[in-house]
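Please open the model in your viewer and keep the selection tool at hand.

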Amino acid sequence: MILTKLAYKSLLNRRASVLLTLFTIAISVMLLLSIERIRVDAKTSFSNTISGTDLIVGARTGDIQLLLSSVFRIGYANNGVSWQSYQYIAAQRGVKWSIPISLGDSHKGQAVLGTSRDYFTHYRFGKKQTLSFQQGHAFEHLNQVVLGSDVASRLGYTLGDNVVISHGMGNTSFHHHKDNPFTVIGILNATGTPVDKTLHIPLAAIDLIHGGSHSANNEHDEHDEHDEHDEHDEHDEHDEHDEHDEHDEHDEHNNLIGEPSQITAFLMGFDSPLYTLQIRRNINQYKKEPLLAIMPTVTLKELWQMLAIVEKVLLLFSGVVILVSLLGMLTALLANLNQRRRELAILRSVGARPWQLFTLISMESLFTTLLGCLVGCGLYYGVMLISSSYLQSHAGISVNIAMLSYYELTLIGVIMAAGFIIGLIPATRAYFYSLSDGMSIKT
């Protein structure tokens with residue numbers, strides 16, 4: 001207890017240098033924990049970009065290339081899937097739902113995705129979370145567009161604004177479809193996935209703006225004329241009116257999808273995992289055209305394994321930061337040790353043994369490391385709370401702010417052990433100082 005109190009008083013007496021060393025350790029601990037948590041959560045968020053989808057089907061390329069182009073909007077699909085093949089596969093037994101997607105257009109560098117209304121019902125991200133609307137609703141006519149949250153916030157769009165689609169992906173646009181503007185009808189909530197950076201339009205609209213035979217607005221006018229005709233027939237019998245409404249809904253659904261010559265890819269969900277494996281094998285052996293079916297969860301793991309070098313670099317960076325902070329503490333302790341020779345001589349003169357001085361210096365380094373780790377943990381939680389929303393919206397990383405994991409506690413334990421070992425060096429020098437200075441007490 002006396003040595004503990006003495007160590008505490010000694011640290012207070014040298015509080016300027018101690019605080020500097022403590023702050024250095026705290027910053028390194030904060031960086032280590034932050035990098036480790038972001039690394040783990042980035043891997044989790046990366047794997048949760050798409051969930052609940054059993055198969056992604058596209059033209060035969062590579063598994064990772066198909067995943068990147070269809071889910072992450074990275075790269076280009078070399079070929080498409082014929083509409084006849086899509087209809088045939090989607091009608092197979094065990095298929096619960098299917099979502100056609102068509103890519104290749106953009107708006108101010110943001111990807112445009114042609115799809116059906118089923119996309120907003122069946123697409124899942126994270127832990128099977130559904131898409132939800134911040135404003136508006138899903139498209140109902142050909143000239144309507146649904147924006148991802150990042151597109152709306154970055155470009156300043158609101159409901160009712162007009163959007164002009166361009167042909168070509170990314171910032172390279174070869175032709176602007178100015179004669180077919182789209183009206184913003186919905187804005188999705190943030191998901192932290194590529195959905196946030198995507199504009200969603202009806203699949204049939206893709207063919208219309210590329211075909212040029214008639215515009216989406218004309219199609220919308222025809223739909224309005226059809227509605228007026230429906231109102232004129234309101235005097236018909238109630239049963240006939242219900243049948244007519246069901247027929248109109250079916251026609252409207254078909255009008256939003258159309259019959260394109262080909263699509264980029266399509267997503268599939270099945271009633272049972274057995275159907276998933278069976279139909280995947282049949283698709284990969286499909287003879288009418290070369291197709292590829294991938295399981296997104298498996299391909300995501302393969303892709304992350306390719307990025308394992310990034311994990312290693314982050315861990316190496318964390319280790320270097322910790323090493324530098326501990327070496328800084330060692331430098332400070334050794335620099336102060338020469339200035340404390342008089343203090344050590346006084347302690348020896350009042351009866352302190354060399355091993356007690358050794359213990360005193362060791363305890364000071366251990367206390368400094370412990371306080372640095374505690375302050376670092378506090379800074380870590382503060383940084384995570386402040387940056388969690390930014391990481392979610394801009395980097396797509398959903399940070400899990402929870403108690404330290406066993407692995408993180410182990411890392412802190414390693415730092416404590418390393419700090420104690422580092423402290424043994426000046427403690428050993430203090431031990432031999434007390435002997436070489438001729439301060440041994442005669443008994």
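Begin by selecting I56, L67, Y119, F120, Y123 and L131: these have the most contacts inside the largest nonpolar core, which has 34 residues. Such a core is a set of buried Ala, Val, Leu, Ile, Met, Phe, Trp, Tyr and Cys residues joined through side-chain atoms within 4.5 Å; buried denotes under 20% relative accessible area (1.4 Å probe, protein chains only). The model is predicted: local features need pLDDT of at least 70 and side-chain atom pairs count only at pLDDT 80 or more, whereas totals for chains, interfaces and linings use all residues. Residues are numbered from 1 along each chain as its sequence is written, and side-chain values use heavy atoms, with hydrogens and water left out.

Next, colour the elements that each supply at least two residues of this core, among them α3 (63-70), β3 (95-107), α7 (203-211) and β16. Helices (H or I, at least four residues) and strands (E, at least two) are DSSP runs, numbered from the N terminus. Strand β3 gives the largest share, 4 residues.

Now centre on F120. Beyond its neighbours within four places in sequence, F120 is in contact (heavy atoms within 4.5 Å) with L131, F133, A138, F139, V146, L188 and H200.

Move to strand β16 (residues 291-294). L291 and A293 on one side, and L292 and I294 on the other, are all buried, so that both faces are covered. Strand β1 (residues 55-59) runs antiparallel to β16 and is joined to it by 4 bridges; pairing requires at least two DSSP bridges. Within this pair, A59 stands opposite L291.

Finally, select W83, S85, Y86 and I89, the buried residues of helix α4 (residues 83-90).

Key: Buried < 20%, exposed > 50% of the residue type's maximum accessible area, 1.4 Å probe, protein only.
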